[in-house]
Amino acid sequence: SFNIMNTLKITLLMLYLYVLLPNIGKGWGCCPENWIASNTSCYFISFKLSNWTESEKNCAGVGAHLLVINTKEEQLLIYQKLDKRFAYYMGLSDPERTYQWQWVDQSPYDKSVTFWHPGEPSDNNEHCVFINSVKANWGWNNAPCHESQNSVCEMMKIYL
Ligand SMILES: *[C@@H]1O[C@H](CO)[C@@H](O)[C@H](O)[C@H]1NC(C)=O
Ligand SMILES: *[C@@H]1O[C@H](CO)[C@@H](O)[C@H](O)[C@H]1NC(C)=O
């Protein structure tokens, strides 16, 4: 049994040195069960209808935040996972009600990486943003924050 234990220890050490260690920081992370993995993030599609604040709280409760879209690739990846019939809150809102959009994770709001539907955002006392499909095109729309919608949570991948 001494030999078996030693063999096991050596195998684990080799696994750590040659498989896990070189991959740290290279996108070799994992996501909780039932979450969708991208290169760097994990996403969870929630069908719990809630207003924007409550949706963000639900994400925070599992160590995540509402979806933050930083690239066109991320926008594409996400909408391919969504059902056209519904709208999904994301982590973009205008807490000061001055139409200065802010991401929940403090990512800078970059106008060149936004995917508003044509004619959006509108200035109709609508300070929270969801993603939905209009005429088969996915995009962003601002809506009153008290509306109940589905949502998408995002967190960083977990690295071993
Ligand atoms: C993941 O990384 C690959 C290679 O760097 C890149 O081409 C791809 O667009 C990335 N995917 C997302 C969703 O960012
Ligand atoms: C959001 O929903 C929660 C829980 O139902 C409620 O307490 C809160 O007042 C709502 N907030 C808004 C802005 O609708």
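**Exercises on a predicted model**

In helix H2, which spans residues 52–60, the buried residues are Trp 52, Ser 55, Glu 56 and Cys 59. They fall on the same side of H2, because the arc they cover around the axis is only 100°. The structure is a predicted model.

**Exercise 1.** Determine which strands the buried residues of H2 pack against.

*Solution.* Step 1: take the buried set, namely Trp 52, Ser 55, Glu 56 and Cys 59. Step 2: recall that an α-helix has 3.6 residues a turn, so residues three or four places apart point the same way. Step 3: list the partners of the buried residues of H2, which are strands S2 (41–50), S3 (65–66), S4 (88–93), S6 (128–134) and S8 (149–156).

**Exercise 2.** Identify the residues around ligand 1 and ligand 2, and classify each shell.

*Solution.* Step 2: around ligand 2 stand Asn 51, Thr 53, Glu 54, Cys 145 and His 146. Here the classes are one nonpolar, three polar and one charged.

**Exercise 3.** State how the chain is divided into domains, and describe the annotated region.

*Solution.* Step 1: the protein chain comprises domain 1 (1–28) and domain 2 (31–156). Their C-alpha centres are 39 Å apart. Step 2: an unreviewed UniProt entry carries the annotation "domain: C-type lectin" for residues 38–154. Step 3: over residues 38–154, the chain is 15% helix and 34% strand, with 10 Å between the end C-alpha atoms.

Note on methods. Residues are numbered from 1 along each chain as its sequence is written. Chains are lettered from A and ligands numbered from 1 in the order in which they are written. This is a predicted model: local features need pLDDT of at least 70, side-chain atom pairs count only at pLDDT 80 or more; totals for chains, interfaces and linings use all residues. Domain bounds come from an automatic or database domain assignment. A residue is near a molecule or strand if its C-beta atom, placed from the backbone, lies within 6 Å of it. Ala, Val, Leu, Ile, Met, Phe, Trp, Tyr, Cys and Pro count as nonpolar, Asp, Glu, Lys and Arg as charged, and the others, Gly among them, as polar. A residue is buried if 20 or more other C-beta atoms lie within 10 Å of its own, exposed if 12 or fewer, and partly exposed in between; C-beta atoms are placed from the backbone. Helices (H or I, at least four residues) and strands (E, at least two) are DSSP runs, numbered from the N terminus. The arc is that of the directions from the helix axis to the C-beta atoms. Two residues are in contact if their C-beta atoms, placed from the backbone, lie within 7 Å. UniProt positions are given in the numbering used here, feature names are shortened, and annotations may be inferred rather than shown by experiment.
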